[in-house]
Amino acid sequence: MRRAAVAVATTAMAVSLAACGSAKESDGGSDSSDSAAKKGDDIKVGLLLPENQTARYEKFDRPMIEKKVKELTNNKGEVVYNNAKQDPSLQNQQVETMITNKVDVLIIDAVDYKAIAGSVKKAHDAGIKVVAFDRLAEGPIDAYTSFDNVTVGKTQGEALLKALGDKAKDSQIVMMNGSATDPNAAQFKEGAHSVLDGKVKIGREYDTKEWKPENANANMQAAISALGKENIDGVYSANDGMAGGSITALKRAGIANIPVTGQDAELAGVQRIVTGEQYMSVFKSYPKEAETAAEMAVALAKGESLDSIANEKVDSGTTKGIPAVIVPVVSLTQDNIKETVIKDGFYTIDEICTDKYKAACDKIGLK
C-alpha cells in the first residue's frame, strides 16, 4: 500500500511540475557514467542547504551527509558546505563559488526551485553533476531524493479530520501553507486539499513567506481578526515551525484545545504534541534521505551508474526522467513517539521530557 501511495504521489508530482515547465526539456534519465570520467575516493562534494531556521538542516541533514560521504570514500571525500539563509540570490552566488572551487558534484536544496535553474545549468556546463535534495529544483538535474510530498499533505489532512471527528463537517479551519517559492509546499497543499476539501470549511488560507514562524504568527492573527476567535476549530500547518507561530497567536487570543498539524518532528513540535498544544507532526526519516543524497552524489562524482540506488524516475518543469528515491513518511502523535523519534535516535526521552514537560510526559506514559 505504501509503495502504491508513493507511486501515485510521484506521478502527481511529475505531472504538476511538468505542467509549469518550458517546452525545452533535457533528459535526466541517461546513464551517469556516460559524461563523467571515472574517479577514485578523492572527491569534492558541494552541499548547499536553503536556510537555518528549520532545525533539521543543521541538526540532521548536514552532519548525516558529511558522515555518509566519508564512509563511502574511505575518509578521502571532502564536503564543502554553505547555507543560503533563505536568500535565492546568495544561493546562486554559492553555486558560482562551488564551480570556481571545482567541486565534482553538487547537492542542492533550493531556496527557490525556479530561480536556481540557471545556476544548475552553469554547473552542468562545467561538468558538475547536481543532486536535487528535498526540493526538486529546475534545470538539468541528475538525481533527486525527497519524501512523498503529496502524501505528507494527505497525512496531515487526514490527521486533522480524525482530530475533529464527527464535528468536522461543521468545523472551520485555517490553512497555513508553506512558501510559494518551494515546490514541496505546493505538493503538501495539494495533498491536504485532496483530503480536506468538502469535508471541512476552510475559513482562511495563506502561503507563508519563507516558511517563517513569525510570518505564520502574523497570518494567524489576521485570520483570528477576520473570522473571530470562536469560529476557528483547527489549523492545518504545513510544518512545525509555523505550527509554533500559529499556536502562539492562538494562545494570545485565548484559543486553546484545537488541533494543529505540523511536519518535521522538531523537538519543540514533539514537546507541543506531548502537552497537547499541537496534535501531530509528520515524521520523516532524515537519515534515509541524507544517506541517499550522499550515495547519489558519490556515485555521480565517480562516474558510476545510479541504477542500484534510484528506484523511481520523476519529471520537473525542465527535465524528464530524473533518477529518484522517494522516502515514505509517518504520522507522529502522542501514541507513537517512542516508536518513531525515540526509536530512530532523533531524541532521547530526557531531551523531550525536560522539567517543563515532565508532568505531561508522565501523563502519556513517556518515561
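A disulfide is a pair of cysteine sulfur atoms within 2.5 Å. The structure holds one disulfide. The model is predicted, so local features need pLDDT of at least 70 and side-chain atom pairs count only at pLDDT 80 or more, while totals for chains, interfaces and linings use all residues. Residues are numbered from 1 along each chain as its sequence is written, and side-chain values use heavy atoms, with hydrogens and water left out.

The disulfide links Cys-353 with Cys-361, at an S to S distance of 2.1 Å. The angle about the S-S bond is -95°, and the link of Cys-353 and Cys-361 is left-handed. Cys-353 and Cys-361 are both buried; buried stands for under 20% relative accessible area, exposed for over 50%, and partly exposed for values in between, with a 1.4 Å probe and protein chains only.

Next come the helices. Helices (H or I, at least four residues) and strands (E, at least two) are DSSP runs, numbered from the N terminus. Helix H10 covers residues 286–301. The expected span of a helix is 1.5 Å times one less than its number of residues. For the 16 residues of H10 this gives 22 Å, which agrees with the 22 Å between its end C-alpha atoms. Twelve of the 16 residues of H10 are buried, so the helix is largely enclosed by the rest of the structure. Among them are Tyr-286, Glu-289, Met-296 and Leu-300. After H10 comes Gly-303, with a positive phi near 75°.

Helix H7 (residues 213–227) and helix H8 (residues 240–252) have axes that come within 7 Å and cross at roughly 40°. That makes H7 oblique to H8. Axes are lines fitted to C-alpha atoms, for helices over the stretch in contact, and angles run from 0 to 180 degrees between N-to-C directions. Angles under 35 degrees count as roughly parallel, over 145 as roughly antiparallel, 65 to 115 as roughly perpendicular, and the rest as oblique. The contact (heavy atoms within 4.5 Å) involves residues including Pro-213, Met-220 and Ile-224 of H7 and Gly-241, Met-242 and Arg-252 of H8.

Lastly, a loop lies between strand E3 (78–83) and helix H3 (88–100), and Lys-85 is in it. Gln-86 is also found in the loop between E3 and H3. Lys-85 is not a glycine, yet its phi is positive, near 50°. Gln-86, also a residue other than glycine, has a positive phi near 65°. Lys-85 is exposed, with a relative accessible area of 57%, whereas Gln-86 counts as buried at 10% relative accessibility.
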